[in-house]
Amino acid sequence: MPRRKDIWRCALVAQSAENIVSNGIDDSAVRWFPEERPFCFMADPFGLRGEDCLHVFVESYDYRTRHGVIERLLFDGRNVLVDRRVSLREPWHLSYPFVFEGEGAIWMLPEAHRSGRLTLYRAHRDLDDWRPECVIDLDCIPVDASILNWQGRWWLFYSSAASKTSKLAHLHVAWAENLCGPWVFHPKNPVRIASDSARPGGKPIVMDGRIMLPVQDCSRTYGGAIRPLWIDLQSEIGILAEAGEPLAIPSSAYPYSHGMHTLTACGPVTLIDCKRIDRSLAGLALDLRRAFGRYAAR
């Protein structure tokens, strides 16, 4: 059996995240990004609005090298793609480029657990000049760290890279007064253990006074669906969380209908990604060529 490969495709949805969580994805509002060449994909889309434009940061991945970099796609005021370029590259794999504004700057908190740490990057001259600002020290090496400024504090939601189970099914929480810390992790971490509703999958937002964290349903497959997780931070020692029903994958996603693992709010639009699973002989041939050193690192 050829090794399974998840191939992702991103889309821009002309609906707010609040509307999607309440009413589902309107298929007529979905605009899919162009497909990549075979065995390459873009995933984990996060957006940052500019003046009459939208910057979308994604993981760009090639199964030939199995090394992800962060790319920036520029959409004009009509949501038409007009530019694309590499924005951040490191010796280690990068994904989940969580971009946000705060403390007078623009930041990126990419997934980089293979580096052994969580690094906060700051944008300098432009959105392709990212420089490490600090390392965020937590109770574990995190994956898919997702940040929210709420009630005067920064809150961080993440899973642990300690094991396959913890990556998919454990939710941790930490908080800080300032982005570079010190960060205080929740004394009851992991605060949630559930394969269907724990790993973060997008930008947390506040809806009707409650925190809504998009989380991945990994009960059947990695990134099988997105659920809203409603979080009540009762105090520094208590937390309540209730998972909603999984969001339906839009029919226009076909053949990328095997999962969805990102839901990112960006004002009047929302960014998503969906996947198809490849088990082809062509994929097996690619693995064999890679094993014999036929592909150079990016």
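Q: In this predicted model, where contact means heavy atoms within 4.5 Å, which residues is Asp144 in contact with, leaving aside its neighbours within four places in sequence?
A: Asp144 lies in strand S11, which spans residues 142-150, and with a relative accessible area of 3% it is buried. Leaving aside neighbours within four places in sequence, the residues in contact with Asp144 are Tyr96, Glu111, Phe157, Tyr158, Arg199, Pro200 and Gln216.

Q: Which residue is joined to Asp144 by a polar contact between side chains?
A: Gln216 is one of the residues in contact with Asp144. The two side chains are joined by a polar contact of 3.4 Å, and the cut-off for such a contact is 3.5 Å between N or O atoms. The partner of Asp144 in this polar contact is therefore Gln216.

Q: How many residues apart in sequence are the parts that the aromatic pair of Trp8 and Tyr222 ties together?
A: Among the twelve aromatic pairs of the structure, Trp8 and Tyr222 form one that is edge-to-face, with 6.4 Å from centre to centre and 80° between the planes. Trp8 lies in strand S1 (residues 5-13), whereas Tyr222 lies in the loop between strand S18 (210-217) and strand S19 (225-235), so the parts tied together are apart in sequence by 214 residues.

Q: Is Tyr222 buried, partly exposed or exposed?
A: Trp8, the partner of Tyr222 in the edge-to-face pair, is buried at a relative accessible area of 5%. For Tyr222 the relative accessible area is 27%, and buried would require a value under 20%, exposed a value over 50%. Tyr222 is therefore partly exposed.

Q: Is the ring pair of Phe46 and Phe98 stacked, tilted or edge-to-face?
A: Phe46 and Phe98 are both buried, with a relative accessible area of 1% for Phe46 and 1% for Phe98. Their ring centres are 5.0 Å apart and their planes stand at 40°, while stacked needs planes under 30 degrees apart and edge-to-face needs over 60. The pair is therefore tilted.

Q: Which residue in S8 is the bridge partner of Phe100?
A: Phe100 belongs to a cluster linked by ring pairs, together with Phe46, Tyr96, Phe98 and Trp154. S7 and S8 run antiparallel and are joined by six bridges, and six of the seven residues of S8 (residues 105-111) are buried, so this strand is largely enclosed by the rest of the structure. The bridge partner of Phe100 in S8 is Trp107.

Q: Which residue in the turn of the hairpin formed by S8 and S9 has a positive phi?
A: S8 and S9 (residues 118-123) run antiparallel and are joined by two bridges, and Met108 has Tyr121 in S9 as its bridge partner. Their hairpin has six residues between the strands, and the residue in the turn with a positive phi, of about 85°, is Gly116.

Q: Is the disulfide of Cys134 and Cys180 left-handed or right-handed?
A: A search of the whole structure finds one disulfide, in which the sulfur atoms of Cys134 and Cys180 are 2.4 Å apart. Cys134 is buried at a relative accessible area of 15%, whereas Cys180 is partly exposed at 39%. The torsion about their S-S bond is about -90°, so the disulfide is left-handed.

Q: Which cysteine has the sulfur closest to that of Cys266?
A: Cys266 is buried, with a relative accessible area of 5%. The closest cysteine sulfur is 10 Å from that of Cys266, too far for a bond, and it lies in Cys53.

Conventions:
Residues numbered from 1 in each chain as written. Predicted model: local features only at pLDDT ≥ 70, side-chain atom pairs only at ≥ 80, totals over all residues. Heavy atoms only, no water. Phe/Tyr/Trp six-rings, centres within 6.5 Å; stacked < 30°, edge-to-face > 60°. Helix = DSSP H or I, 4+ residues; strand = E, 2+ residues; numbered from the N terminus. Buried < 20%, exposed > 50% of the residue type's maximum accessible area, 1.4 Å probe, protein only. Pairing = 2+ DSSP bridges. Polar contact = N/O pair within 3.5 Å; in protein donor to acceptor, adjacent residues only side chain to side chain. Contact = heavy atoms within 4.5 Å. Disulfide = S-S within 2.5 Å.
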